[in-house]
Amino acid sequence: MADTYDFGLVGLGVMGRNFILNVADNGFTAFGNDLDKEKVNSLIEEGGDTNRINASTDASTFVNSLSAPRKIMLLVPAGKIVDAVIEGLLPHLDEGDIIIDGGNSFFTDTDRREAYLKEKGINFFGAGVSGGAKGARKGPSIMPGGSRGAYQHVKPIFEAVSAKYKGEPCVAYLGPKSAGNYVKMVHNGIEYGLMQLTSEIYDLMKKAGGLTNEELHETYASWNAGRLQSFLVEITSDILAQKDDLGDGHLVDKILDKAKQKGTGKWTSQNAMDLGIPVPTIDIAVSMREISALKTERTQADELYDRPTPEAIVKDSLVNKAEQALYFSFIITYAQGMHQLADASKEYGYELQLGEIAKIWRAGCIIRAALLADITEAFNGDNSLQNLLLSPSFVKKVQETVDSARELVAYGATSGIPLPGLSNALTYFDAYTNSRLPLNLIQAQRDYFGSHTYERLDREGVFHTDWE
C-alpha cells in the first residue's frame, strides 16, 4: 500500500468507479471511498495493484491516505447526499484541502457550499462531468469552476483523464463560484433540445417516408459521416440497428414512449426565464418529456380525435430535407444555449469565455459534434458575440437550410405529425431575425387594462393613454 495517494473519490457507483480507474490509468495514485463494502472490494479487485489504487469504507482512513492538499472528488447524487458527504469528511480535513463536486448539483447549491466551506478554510468547486459511464472511463469533458488557485492542484489530473480533441484536453477552468455547474446545466439543456430534435426527425422519416429501421440506421450513419457528425446522431444510428433479444424485430419499436428526466433540462429552462433569455427549443424538449409521461391520457385522446393521413414523400427528397432541417435546428439549439451562458456570465460574474466552453465540448461530452469546431471559431473570433446567429460565419449555414425546416414544419402541421422542437426552432429564428414584432399591440393592451405605459418609435419618453 502506498504511503499517500494523489487523488480521492467518494461514490464508487458506475461513474465513480470508472473515473477513479481512469485516474489510475493515467499515472496517478487514487483512493476511493464508499459506504458499500462490495463496491470498495470490487474497485480494489479491478484496480489490481493497491499501490496504484485502493479504497475503504472508513472516512478517516480515506482522508488520511491522501497527500496534501487533499484532492477529493464527490460523484454522488445531487442534493442532500452531497451535504451529508461533506459533513462526514469535514472532521478529518485540514485547511487548504479541496473538495470537488462532480455531480449535477444546482448552481446555487454550489455557491452555498463554497461559501460555507470557505469559512472553514476548505476549497470547494463544482466540476461538471459529461460523457456517461464510458466517458468517465475513457475520457469525459470536464467543466470546473470555483477557486482558480485550488484548480491548479487538480489541473494535471483533470487534463490527463479528460477526453482529447486533436490532442487538446477537453477541460478548462471556466470561472469563479458555480461557473462549472452552471455550464454543465446548460450543456444538459442543449442535450435535451438535440435529443428531442433527433427523435422528431426519426418520427417524420418513419411516418412520412415509410423508412424502415434499417434504412433509418443507414441514414443516421451517413449523416454522422457528414456535417451532422455528433455523438447523438452516432448512437441513434446504433439504436436503430439493434435487434430485440427478447423477441422479434428491432428493440426501438418495443420501448415505451415515456421519456424520464433528472431535472437539469428543467433547471436550464427555469433559469433562462429568470434571466429573460429565450430558449424555446429547450423549453419544449422539457415539456415533451412531460407530455410523454401522460401515456394513458394520450392513448384515450388518440381514440377521440381524427388525424390527417400524411401524404407520402419521396424518400430521397425527404431524407435530404430532413438532414438540412436537423442541421438548422441543431445550430438554433446551440445558439440558444450559448446565449443563455453569455447572459448568465454577466448576471453571476462568471467571466465565461464562450469559445473555451465550445472547445471543451468538442469531445467526451454527450453534445459533442463537428459543429462545435465552427462554434469555437466563431466565439474565439469575437468573445463579445451575444448570439451565434449574429456571427457572419453562420449566416450562410442557416440560410442554406432554413427553407427545408419551413417545408417540414408545414408538412408536419398539415399531416398531424408533431414537430414541436423543429417548429419552435424555426419560430425562434423568425422572431429573432425580425426587426418588427407585433408586441406593440401587447404593450397597448397592457396600458389599456393596467396603465403599464409604453414607449414610442418616434420620440423618447414613457407614455400612457386614457384609452376609454
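A crossing of two helices is termed left-handed if the near helix is turned anticlockwise from the far one by less than a right angle, and right-handed if clockwise. In the present structure, which is a predicted model, helix α14 passes helix α18 in a left-handed crossing. The two helices comprise residues 315–348 and residues 402–415, respectively, and their axes come within 8 Å while crossing at roughly 110°. Since angles of 65 to 115 degrees count as roughly perpendicular, α14 and α18 are therefore roughly perpendicular to each other. On the side of α14, the contact is formed by Leu318, Lys321, Ala322, Gln324, Ala325 and Phe328, and on the side of α18 by Val402, Ser404, Ala405, Glu407 and Leu408. Classification of these contact residues gives 7 nonpolar, 2 polar and 2 charged.

Helix α14 also packs against helix α8, which spans residues 179–209; the axes of this pair come within 10 Å and cross at roughly 165°. This angle makes α8 roughly antiparallel to α14. The crossing of α8 with α14 is right-handed. In the contact between α8 and α14, the residues divide into 20 nonpolar, 7 polar and 1 charged.

Among the residues of helix α14 is Tyr348. With residues up to four places away in sequence left out, Tyr348 touches Phe107, Lys177, Tyr182, Asn271 and Leu275. Relative to Asn18, Tyr348 is 330 residues apart in sequence, and the C-alpha atoms of the two residues are 33 Å apart in space. The loop between α14 and α15 (354–360) contains Glu351. The backbone of Glu351 has a positive phi of about 60°, although the residue is not a glycine.

The peptide bond leading from Ala68 to Pro69 is cis, with omega near -15°. In general, most residues other than glycine have a negative phi, and most peptide bonds are trans.

The crossing of α4 with α5 is right-handed. Val82, Asp83, Ile86 and Glu87 of α4 meet Arg112, Arg113, Tyr116 and Leu117 of α5. By class, this contact of α4 with α5 has 4 nonpolar, no polar and 4 charged residues.

Empty space within the model was examined next. Rolling a probe the size of a water molecule over the atoms shows where such space is left. The count comes to 1 cavity of 30 Å³ or more. The largest cavity has a volume of about 30 Å³. Its lining consists of Arg227, Leu228, Gln229, Ser230, Tyr327, Phe330, Ala369, Ala370 and Leu371. In the lining of the largest cavity, 6 residues are nonpolar, 2 are polar and 1 is charged.

The second largest pocket has a volume of about 350 Å³. Lining residues of this pocket are Arg436, Leu437, Leu439, Asn440, Gln443, Ala444, Tyr454, Glu455, Arg456, Leu457 and Trp467. The lining of the second largest pocket divides into 6 nonpolar, 2 polar and 3 charged residues.

Notes: Residues are numbered from 1 along each chain as its sequence is written. This is a predicted model: local features need pLDDT of at least 70, side-chain atom pairs count only at pLDDT 80 or more; totals for chains, interfaces and linings use all residues. Side-chain values use heavy atoms; hydrogens and water are left out. On a 1 Å grid over the protein atoms alone, a cavity is a set of points where a 1.4 Å probe fits but cannot get out, and a pocket is an open set with protein on both sides within 12 Å along at least five of seven lines; lining residues have an atom within 4 Å of a point. Grid points are joined across faces, edges and corners, and a volume is the space filled by probe spheres set on the points. Ala, Val, Leu, Ile, Met, Phe, Trp, Tyr, Cys and Pro count as nonpolar, Asp, Glu, Lys and Arg as charged, and the others, Gly among them, as polar. Axes are lines fitted to C-alpha atoms, for helices over the stretch in contact, and angles run from 0 to 180 degrees between N-to-C directions. Helices (H or I, at least four residues) and strands (E, at least two) are DSSP runs, numbered from the N terminus. Angles under 35 degrees count as roughly parallel, over 145 as roughly antiparallel, 65 to 115 as roughly perpendicular and the rest as oblique. Contact means heavy atoms within 4.5 Å.
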